[in-house]
Amino acid sequence: MRFSLWSLLVGLGSVAVVWGQSSTADSFFATESPIAKSGLLANIGSSGSKSDGAKSGVVIASPSSNPDYRFTWTRDSALVFQAIIDQYTLGLDTTLRSQIDAYVAAQAVQQQVSNPSGSVSSGGLGEPKFNIDLSAFTGAWGRPQRDGPALRANALITWANFLLSQKNTTYVTNTLWPIIKLDLDYVSANWGQSTFDLWEEVNSSGSFFTTAVQHRSLRQGITLATTIGQTSVVSGYTTQAANVLCFLQTYWNSAGFITANMGGGRSGKDSNTVLASIHTFDPAAGCDAVTFQPCSDRALSNLVQYVAAFRTIYTVNSGTTASQGAATGRYPEDGYMGGNPWYLSTLAVAEQLYDSLIVWSKQGKITVTATSQPFFAIFSPGIATGDYASTTATFTTLTAAIKTYADGFVAVVAKYTPSGGGLAEQFSRSTGVPVSAVDLTWSYASVLTAFNARSGVSPASWGAASVTLPSSCSSTGGGSPGGGSSGGSTVAITFNEQATTTFGENIFLTGSIDALANWSPDNALALSSANYPTWSITVNIPAGTTFQYKFIRKFNGKITWESDPNRQLTAPASGTFTENDSWR
Ligand SMILES: *[C@@H]1O[C@H](CO)[C@@H](O)[C@H](O)[C@H]1NC(C)=O
Ligand SMILES: *[C@@H]1O[C@H](CO)[C@@H](O)[C@H](O)[C@H]1NC(C)=O
Ligand SMILES: *[C@@H]1O[C@H](CO)[C@@H](O)[C@H](O)[C@H]1NC(C)=O
């Protein structure tokens, strides 16, 4: 399996960049990846060797009976199957289709199981875990957990998009869409409700990981629904996606990190945020900070503070410096099973950095902002803000140092992986020996996804590049769930631009005022192609303002402006306005 993976990678030309080599990370992945793959499959019913009693397509969290993890969690299962679906659809392992079919069938059944959170139509989709024969788990638990439906939709939409590319529309429309729609309807209706976090401990009005994956699910869902003609959901999902995106901004705090939960009485520094970044990675979205892409200045600043929170509290990290890898856990206040480092949390740090390296290489530059300066300063003390093109020595030095840094986190995991390669949930903060549930399926999945990222293999895009922050929430300066304008009255102006484009090319708008990003092609507003060849966007513009604007095309990083002169418009004093233009 390892041999075929490498042949495929080379065949696809995916290993475009040769970063520095680290024998430890190299040898760890070479040895551990096949073990992780078989360890993961062993935990999937009904044929998995460690999943006795699990129905076909059901993922057990771990075969451990003490603590008892022989249940199936919607979240863990979806993350595991996202990894499997990525392996299959990226051509890395073409043997996995029967598992994917079985997962789809199992989820269709599980969705209909009434449980303590409700029935399928009254909140039951938010139930976090089920028995492995797919009956309801009725014991006390932290419920609901509203990330599960979103993650399942994300995995199934990735699968649907692949099948559409294979012209298998019938199966997508008849089998996948009904499952996906139930989950997206749930997300659309419930994203603003209180939820337990992914660690099943904090019940609050929001958890960053949950909100981030909910946002992704609605965006992908809108595109899928449009593609297969299920247009009745589009307007509702579009409205809620914009609201969720505004809400997502509110987790960012001025101390330079993402507060993981809206409550809970902790520091807020949490692996939740790193996991959100890698599970909403879109290789086509650059270093976008609004969606907290792995290389965004916000996500990198957050990473600095998250890692620092563990460097001093775990004995296994003693003697390490800021530019070296470290063991990291869920959150520094954690006491569960001793509150140790987790394999999947430590690997997530490496994966965020590998994802970042993919994007920096692709865009041919690193941008250092005031927000991300503390991250880059670890590798280049005193580095100035600005752009460093891939032709500069600084770019070369930074990417090599960051690759080494990422490999350092892998080396920590390698050091504390027992010789057989089995991965538990945690490893001891003082001695590094495995702790808590053995053979954690999610630990194995985290090896596969980190390895892909290190190999330069990216998951499919989910459309983050065309996401823009509604001006109604950006104008509040940090965003608020309810939106709200900056004071003076605004009018909603819809810009329609007729433009034929080639696949992968997109239309953006920028102009002479704040609401139009002040002539910045980088921050220009993305138009929707839902009514292609008409591209559209609605922008709130201060009433009565006269402004100039132009549309631009972006394709593979190349920008093309419309011809002169600038277009000009005066916003009406009230009401709404629709402007109709054609590319020139
Ligand atoms: C479509 O995909 C499903 C799920 O894997 C499969 O069962 C079916 O045979 C496929 N249909 C076609 C026409 O390829
Ligand atoms: C979670 O918090 C909400 C809002 O405060 C509350 O209504 C709900 O009862 C809480 N759920 C649990 C299980 O404590
Ligand atoms: C643009 O087109 C729409 C729909 O056809 C129309 O309602 C609107 O009045 C047009 N706008 C202008 C400025 O002509």
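**Exercises on a predicted model**

**Exercise 1.** Find the residue whose side chain makes a polar contact with the side chain of Glu-200, then place Glu-200 in the chain.

*Solution.* Step 1: the side chains of Glu-200 and Trp-73 are joined by a polar contact of 2.8 Å. This distance belongs to a predicted model. Step 2: Glu-200 sits in the loop between S3 and S4. Step 3: with neighbours within four places in sequence set aside, Glu-200 is in contact with Trp-73, Arg-75, Pro-128, Trp-141 and Gln-145. Step 4: an unreviewed UniProt entry lists Asp-197 and Glu-200 under "active site".

**Exercise 2.** Decide whether Asp-197 is buried or exposed.

*Solution.* Step 1: locate Asp-197 in the loop between strand S3 (195-196) and strand S4 (203-204). Step 2: a residue counts as buried under 20% relative accessible area. Step 3: Asp-197 has 0% relative accessibility, so Asp-197 is buried. Step 4: list its contacts, leaving out neighbours within four places in sequence; they are Arg-75, Gln-145, Val-202, Ser-207, Asn-261 and Arg-266.

**Exercise 3.** State how the protein chain is divided into domains.

*Solution.* Step 1: the domains are domain 1 (1-42 + 268-476), domain 2 (57-250) and domain 3 (490-582). Step 2: taken over C-alpha atoms, the centres of domain 2 and domain 3 are 34 Å apart.

Notes
Residues numbered from 1 in each chain as written. Chains lettered and ligands numbered in written order. Predicted model: local features only at pLDDT ≥ 70, side-chain atom pairs only at ≥ 80, totals over all residues. Heavy atoms only, no water. Domains from an automatic or database assignment. UniProt positions renumbered as here; feature names shortened; annotations may be inferred. Helix = DSSP H or I, 4+ residues; strand = E, 2+ residues; numbered from the N terminus. Buried < 20%, exposed > 50% of the residue type's maximum accessible area, 1.4 Å probe, protein only. Contact = heavy atoms within 4.5 Å. Polar contact = N/O pair within 3.5 Å; in protein donor to acceptor, adjacent residues only side chain to side chain.
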